[in-house]
Amino acid sequence: MEELRNKKGFICDMDGVIYHGNKLLPGVDKFVEWLYRENKKFLFLTNGSGKSPKELQQKLKRMGLDIDQSHFYTSALATAKFVSTQSPGATAYVIGEPGLFNALYECGIMMNDVDPEYVIVGETSNYNYDSICRAMHHVSRGAKLIGTNCDMTGPGENGILPACKALVMPIEATTGKQAYYVGKPNPLMMRTGLSIIGTHSGETAMIGDRMDTDILAGIECGMDPILVLSGVSTRETTEIFPYRPRLILNGVGDIPNL
């Protein structure tokens with residue numbers, strides 16, 4: 001634990017680590033107070049693509065945490081950056097929420113439901129048969145398929161919910177094309193996170209609730225991989241993976257040295 005507390009930087013997942021839905025998890029307020037008190041550099045890095053950093057900031061403020069929006073980075077921002085560097089001024093057919101649309105617009109990616117260069121899929125509650133058919137049609141005609149993240153499920157207030165990859169899979173299955181997933185554990189997103197907080201991987205902890213994204217990303221990028229049991233993964237499910245977190249905690253509230 002002392003090795004963890006001595007890290008200069010902390011990159012933290014959000015869903016299942018900081019909150020479930022609109023409910024702040026136990027000990028998070030103490031953890032954030034500790035980060036500020038110890039002058040730690042930190043970033044809340046989420047595979048969620050539905051909300052902008054400003055919206056995430058306001059969400060946490062409603063829960064009692066006042067954190068500057070510069071401390072948030074999403075898979076929507078990572079996806080928009082990736083597409084804009086691959087093909088500046090590209091067009092896309094997009095399935096997702098406002099956070100994804102806004103990120104793409106800000107990077108100069110225009111919406112197109114006729115002959116898009118990309119089909120981009122993020123989380124949304126408006127997923128339906130028509131959107132699958134449109135996406136399938138465009139990908140079959142040559143559009144490149146992008147997923148904002150490869151999470152199959154995610155934690156909600158009332159249990160586990162389907163996430164981005166669950167929405168992409170019908171398009172992959174019906175077209176025979178595989179999506180490129182931008183979010184964790186893709187090093188593209190992790191390197192950007194380290195650049196934002198200005199720390200090296202060896203002096204940074206990656207804290208998350210998922211073995212297949214958060215912990216894998218931490219290991220592959222040379223960060224200290226810390227699993228919390230407040231979200232998706234359990235002590236039992238960690239055993240099925242060929243890699244391990246360095247520490248397993250109940251939640252981030254275990255970290256502050258009170």
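Visitor: What radius of gyration does the protein chain have, next to a compact globule with 258 residues?
Guide: This is a predicted model, where local features need pLDDT of at least 70, side-chain atom pairs count only at pLDDT 80 or more, and totals for chains, interfaces and linings use all residues. Residues are numbered from 1 along each chain as its sequence is written, and side-chain values use heavy atoms, leaving out hydrogens and water. The radius is taken over C-alpha atoms, and the globule rule is 2.2 Å times the number of residues to the power 0.38. For 258 residues that rule gives a value near 18 Å, so the chain agrees with it at 18 Å.

Visitor: What share of the residues in the protein chain is buried?
Guide: Buried means under 20% relative accessible area, with a 1.4 Å probe and protein chains only. Of the 258 residues, the buried share comes to 54%.

Visitor: Is Ile-18 buried or exposed?
Guide: Ile-18 sits in the loop between strand E1 (9-12) and strand E2 (19-20); strands here are DSSP runs (E, at least two residues), numbered from the N terminus. Its relative accessibility is 0%, so Ile-18 counts as buried.

Visitor: Which residues does Ile-18 touch, leaving aside those up to four places away in sequence?
Guide: Touching is a contact, meaning heavy atoms within 4.5 Å. By that rule Ile-18 touches Asp-13, Leu-24, Leu-25, Val-28, Phe-44 and Leu-60.

Visitor: How far apart are the C-alpha atoms of Ile-18 and Phe-31?
Guide: Along the chain these two are 13 residues apart.

Methods: Buried < 20%, exposed > 50% of the residue type's maximum accessible area, 1.4 Å probe, protein only. Helix = DSSP H or I, 4+ residues; strand = E, 2+ residues; numbered from the N terminus.
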